[in-house]
Amino acid sequence: MNVILAVKQYISKMIEGCGGGMKVLLMDRETTSIVSMVYAQSEILQKEVYLFERIDTAGRETMKHLNCIVFLRPTKENVDLLAQELRMPKYGLYFIYFSNVISKQDVKVLAEADDQEVVREVQEFYGDYIAVNPHLFSLNLSGCCQNLTWSPPLLSRTIQGLASVLLSLKKCPMIRYQNSSEMARRLADSIKQVISKEAALFEFRKTDVAPVLLILDRRDDAVTPLLNQWTYQAMVHELLTINNNRINLASVPGISKDLQEVVLSAEHDEFYANNMYMNFGEIGSNIKELMEEFQKKSQSQAKVESIADMKAFVENYPQFKKMSGTVSKHVTIVGELSRLVGAHTLLEVSEAEQEIACHSDHSALLQRIRALLANDKVRHIDMLRLVMLYALRYESHSNNDVSGLVEALKQKGVSVEHRQMVQAILDYGGKKGRGSDLFGNQDAVAITKRLLKGLKGVENVYTQHKPLLFTILDQLIKGKLKEASYPYQGTVQLKDRPQDVIVFIIGGCTYEEALTVHNFNRTMPGVRIVLGGTSILNSKSFLQEVSMAVSSQASTLQSGRVARP
């Protein structure tokens, strides 16, 4: 189960299916991202694809000597644009691939437009999602939850994306969903309907143990996306934001022009692949080793004294140049992360966040939060996070002082929109919105574990938090996940320990959860897990998600039309 490989194979098949000779690849906005996540442009060039075009670009040049590979999402807009293209074709022959199921009616529209008979084939290749890591995918959708229910167009896009993941991995799963979430139930029902309607597509070779699709709701764990992160990939996304493997460094002080936007892809960057799950401290020493290795190579490159040296220099130059780019990129990123951590006292902030998430000494924590709110180095966003985490943790504590902390935010000049987020997070992921015992307050075993953990101390105070997903997967693999909380869709149930598990989180997943899945895959032989979400969150995008989820609800509350859930 490797989503990068699944999408990559589709694209290879498209290019090979078109035969030899020079080719153009015609895509839309979304399929451009889908392709660029799994293939570097240089790799595709080696396959004789010399031109990359968008179907919505006006005034494209006519090049009849090129064959055209078309890779589009099957939307009405794309079908109309493609029909226009076929009436006045700019290229020699067309090989058309849709990233999802296309209706017979749309195929008929294209057939009628193909007067000049330039279309050689029309196929469905189910790469309708963004493959981020081998075990992680995203649909790049924000605001799927509005007024605490599905936004209809985004539900429909989520159904298409999740169905294409199942088809590309060749899985016809049993479906389980979070019972406390109406959104999870609706998505589970919809996926079941797609599997029934497209039964012929889902006829895969039966495995001994049926795969499981587990649908969860972000509202059950609003803590994980609020925490500062300390592993490389998660930390880069939290502090610098990763967007389709790209990072914008334009605002970094003194940045050179060629480093204003960099690409971080484990497929094409060995250092990143080896270090993406390492803690920040380890990254520093690994960067130092990389630098030393690079300096040695630089010195050997400098000694060009004979014809043989020149030949060796020319042969090794591409790797040398690539290594030089890798070094300068990672040194810049780690340097900027380090600057931000120091400038905003993120170590202290993070330690307090972890204490709130994992321990329960209320009065000591309250004092600690107040001290951090008084510290001028702490950013407003971090102050807000601390208060939101406190509000979630101590929502029903008899002495909670949420209103006092919100007042302290006001005194520090935190905007009214941001202060309103404290109530918004409670509406979104507070006790009423959750189906789980997020903080382990009711479960005697969880309370004992927490006490023991407190006595033993932890290896790293900054990474002691484990997402709710860890507990859910642990119970699922052991066959102990309660059916009352996570029922099966339909009557069939899994009797054996699951082997292939696809987890999907409505409202977005995080890189911390991706690390949890990576660790399960590494340490549990025979278990393969893939994680996906409507998006990949950092705290900033999560706040936007929460705001969109409850804002329409808040406005309808004010107008008196809807009762608070």
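Helix 14, which covers residues 380-393, has 14 residues and reaches 20 Å from its first C-alpha to its last, close to the 20 Å expected at 1.5 Å a residue. The model you have here is predicted.

**Helix 14**

- Most of helix 14 is covered, with twelve of its 14 residues buried.
- The buried residues include the leucines Leu384, Leu386, Leu389 and Leu392, along with Met383, Val387, Met388, Tyr390 and Ala391.
- Charged side chains are on the buried list of helix 14 too: Asp382, Arg385 and Arg393.

**Helix 12 against helix 13**

- Helix 12 (residues 346-358) packs with helix 13 (residues 362-373) at an angle of about 155°, and their axes are 11 Å apart.
- Since angles over 145 degrees count as roughly antiparallel, helix 12 is roughly antiparallel to helix 13.
- Their crossing is left-handed.
- On the helix 12 side, the contact involves Glu348, Val349, Glu351, Ala352, Glu355 and Ile356; on the helix 13 side, these meet Leu365, Arg368, Ile369 and Leu372.
- Sorted by class, the contact of helix 12 with helix 13 has six nonpolar, no polar and four charged residues.

**Helix 4 against helix 5**

- Helix 4 (residues 76-87) and helix 5 (residues 104-113) pack at an angle of about 20°, with 8 Å between their axes.
- Angles under 35 degrees count as roughly parallel, and helix 4 and helix 5 are therefore roughly parallel to each other.
- The crossing of helix 4 and helix 5 is right-handed.
- Helix 4 makes this contact with Val79, Leu82, Ala83, Leu86 and Arg87, while helix 5 brings Asp106, Val109, Leu110 and Ala113.
- By class, the contact of helix 4 with helix 5 has seven nonpolar, no polar and two charged residues.

**Threonine 224**

- You will find threonine 224 in the loop between strand 11 (212-217) and helix 8 (232-239).
- Is threonine 224 buried or exposed? Its relative accessible area is 1%, and buried means under 20%, so threonine 224 is buried.
- Leaving aside neighbours within four places in sequence, threonine 224 is in contact with Arg218, Gln229, His465, Pro467, Leu468, Thr510, Glu512 and Glu513.

Notes: Residues are numbered from 1 along each chain as its sequence is written. This is a predicted model: local features need pLDDT of at least 70, side-chain atom pairs count only at pLDDT 80 or more; totals for chains, interfaces and linings use all residues. Side-chain values use heavy atoms; hydrogens and water are left out. Axes are lines fitted to C-alpha atoms, for helices over the stretch in contact, and angles run from 0 to 180 degrees between N-to-C directions. Helices (H or I, at least four residues) and strands (E, at least two) are DSSP runs, numbered from the N terminus. Angles under 35 degrees count as roughly parallel, over 145 as roughly antiparallel, 65 to 115 as roughly perpendicular and the rest as oblique. A crossing is left-handed if the near helix is turned anticlockwise from the far one by less than a right angle, and right-handed if clockwise. Contact means heavy atoms within 4.5 Å. The expected span of a helix is 1.5 Å times one less than its number of residues. Buried means under 20% relative accessible area, exposed over 50%, partly exposed in between (1.4 Å probe, protein chains only).
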